[in-house]
Amino acid sequence: MIKTVSIRAFDDQKPGTSGLRKKTVHFMQPDYLEAYIQSIFNAVPVRRMLLGGDGRTFNDAAIAQILRMAAANGVEQVIVGQNGLMSTPAASHLIRKHGLDGGIILSASHNPAGPDGDFGVKFNGANGGPVPDAVTDAIYARTKEVSEYRITGQPAPAPDRIGETMLGDMRICVVDPVEDYAALMRSLFDFDAIRAMFQGGFTLCFDAMHAVTGPYARAIFEGELGAAAGSVIHAVPLPDFGGGHPDPNPVWARGLMERMFGDDAPDFGAASDGDGDRNMIVGRGIYVGPSDSLAVLAAHMPGLVGVARSMPTSSAVDAVARARGVPAYAVPTGWKYFGNLLDAGLISICGEESAGTGGDHVREKDGIWAVLAWLELLAKRRQPVTEIMQAHWRDYGRHYFARHDFEEIDSAAADALVGALRENLSGLGGQSFMGLTVKSADDFTYTDPVDGSVAQNQGVIIRFETGERAMIRLSGTGTSGATLRLYLERPVAGPKGLDMNPAQALQPLASATYSLIRLTGFTGRDAPDVIS
Ligand code: VG1
Ligand code: CO
């Protein structure tokens, strides 16, 4: 029954920040998915695994094909989300709960979906988290030499009914994607306190953006916690996410922002992304940036042992760590770098400026978890979000922060910009740009404190004499051209200057950095496509 199909290797299957992402049609070309999946099986021994996705176009066909390939590659058991659906954090939880060898999550996360959008494949290991660089390097090496893939001739059963079936010698267990995850959340948070808050009239608007969190949010916020019916909007996952861009930030969740800043705004607003690992937090009349959200949650977390953030994330959480007397780590962009710190028990919470926040309960960032953490905080503090933020800034100072994205830049121009910057790093100290003087500049290298592994060239950091910091790196999740990300941070200790308009507060730093990197000269651009 098992067939071996000869194929040619593809030369563009190098995983990026979070798995392999390509245009959907690119993934749908003959043998493309198969070549990558076979390379995973060739690189990593897998007996028991998880399989799920965010439901985007090509999810169903890919699930069927991967099941048939798993059965032919010696996999003994696959746990699959019903209808092929599973959020990334829920997948991480099930891998850990059942002690699986790993899992394949089909998602391009916050990238738009549909035939014109993107598709992606992520591979997580036995700790439930994205595999470390050494493993992605091994998978990439196999993609360059793969010459055949193994597949059973039998069709895969559609994963539409909960229960067990066999495919050859392989057991397929179809599970409810929400149930175990909801139980985990119940064990972590004070649901009674949150329920009481909703009973007292507290109002919520959660935008699931027609992506995977809809069923989770309905079951947990409306079902268990008693938020009013309709509190979850865009709750039905659609293959093209309703044509939207499921990236929870003020630009792509504009409808939610308008509602939260309108006359009848609910008490609390939130959103998540395609695969449910990101979160956006908005209070009535106030947007809480991801870096600040991480800091606020860390400030209130009982038993905090340590914190970590990605390097470009603002150092707001470092101020909290200092005050609470715990260590603060800075890792490269990408959740895989938090895994060792969490496994070693060195940190309780971690996050990224790109709307990722997570704890020790899984090995992924977790959108619903972050929203629940905020709801619990609100239930205990009984204060509006605005007051919580003002108190936080008074206590720890404010770290004005923004990310400027320049999308679909010509790759050669982007490489030239970054190349020139790297070459000039040592000479930048002492130079002034639009009135700001550079103190130091370097390229971020991370040495993992647990296993000593080293990640180099993880982004340029420029520090100015007056305390500001600018970071520059190229995105590793885009699928057309290059995306240049510019991160800007300006700390203000207070008590004055805590209520500036963030865009105005960062304007001098933005101008200085644009000039320093010769943005217009290299790219022809003078304004970002997205500010988040
Ligand atoms: C982006 C974010 C990064 C995040 C990654 C995956 O990567 O900046 O913080 O970990 O997406 O998130 P990049 O290389 O484009 O900057 V998700 O929600 O796509 O799994
Ligand atoms: Co995501």
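**Pockets, a cavity and ring pairs**

Biologist: Which elements each supply at least two residues of the lining of the second largest pocket?
Modeller: On a 1 Å grid over the protein atoms alone, a pocket is an open set of points with protein on both sides within 12 Å along at least five of seven lines, a cavity is a set where a 1.4 Å probe fits but cannot get out, and lining residues have an atom within 4 Å of a point. Elements are DSSP runs numbered from the N terminus: helices (H or I) have at least four residues, strands (E) at least two. By that count, at least two lining residues each come from strand S14 (286-288), helix H10 (290-300), helix H14 (385-396), strand S19 (398-409) and helix H16 (502-516).

Biologist: What kind of model is this?
Modeller: Residues are numbered from 1 along each chain as its sequence is written, chains are lettered from A and ligands numbered from 1 in the order in which they are written, and side-chain values use heavy atoms, without hydrogens and water. Local features need pLDDT of at least 70, side-chain atom pairs count only at pLDDT 80 or more, and totals for chains, interfaces and linings use all residues, as this is a predicted model.

Biologist: Which element gives the most to the lining of the second largest pocket?
Modeller: This pocket has a volume of about 680 Å³, where volume is the space filled by probe spheres set on grid points joined across faces, edges and corners. Its lining has 34 residues, and nearest its centre lie Tyr287, Phe401, Ala402, Pro502 and Ser532. Seven residues come from the top contributor, S19.

Biologist: From which domains does that second largest pocket draw at least three lining residues each?
Modeller: By class, its lining has 18 nonpolar, 10 polar and six charged residues. Here Ala, Val, Leu, Ile, Met, Phe, Trp, Tyr, Cys and Pro count as nonpolar, Asp, Glu, Lys and Arg as charged, and the others, Gly among them, as polar. Domain bounds come from an automatic or database domain assignment. At least three residues each come from domain 2 (180-396) and domain 3 (398-531).

Biologist: What is the volume of the largest pocket?
Modeller: Its lining has 35 residues, with Pro15, Gly16, Thr17, Ser475 and Gly476 nearest the centre. They divide into 10 nonpolar, 15 polar and 10 charged. H5 gives the largest share, four residues. The volume is about 920 Å³.

Biologist: How much space lies in the largest cavity?
Modeller: The structure holds one cavity of 30 Å³ or more. The lining of the largest cavity has 35 residues, of which Thr17, Ser18, Gly334, Lys365 and Thr477 lie nearest its centre. The space in it is about 410 Å³.

Biologist: Which element gives the largest share of the lining of the largest cavity?
Modeller: The lining divides into eight nonpolar, 14 polar and 13 charged residues. Two or more residues each come from strand S6 (118-124), helix H5 (133-143) and strand S26 (482-492). The largest share is four residues, from S6.

Biologist: Is phenylalanine 119 buried or exposed?
Modeller: Buried means under 20% relative accessible area, exposed over 50%, and partly exposed in between (1.4 Å probe, protein chains only). Phenylalanine 119 has a relative accessible area of 0%, so it counts as buried.

Biologist: What type of pair do tryptophan 335 and phenylalanine 338 form?
Modeller: Tryptophan 335 is buried at 4% relative accessibility, and phenylalanine 338 is buried at 0%. Their ring centres lie 4.5 Å apart and their planes stand at 65 degrees, so the pair is edge-to-face.

Biologist: Which residue lies over the face of tryptophan 393?
Modeller: A charge sits over a ring if NZ of Lys or CZ of Arg is within 6 Å of the ring centre and within 35 degrees of the ring normal. At 3.7 Å from the ring centre of tryptophan 393 lies arginine 398.

Methods
Rings of Phe, Tyr and Trp (its six-membered ring) pair if their centres lie within 6.5 Å; planes under 30 degrees apart count as stacked, over 60 as edge-to-face and the rest as tilted.
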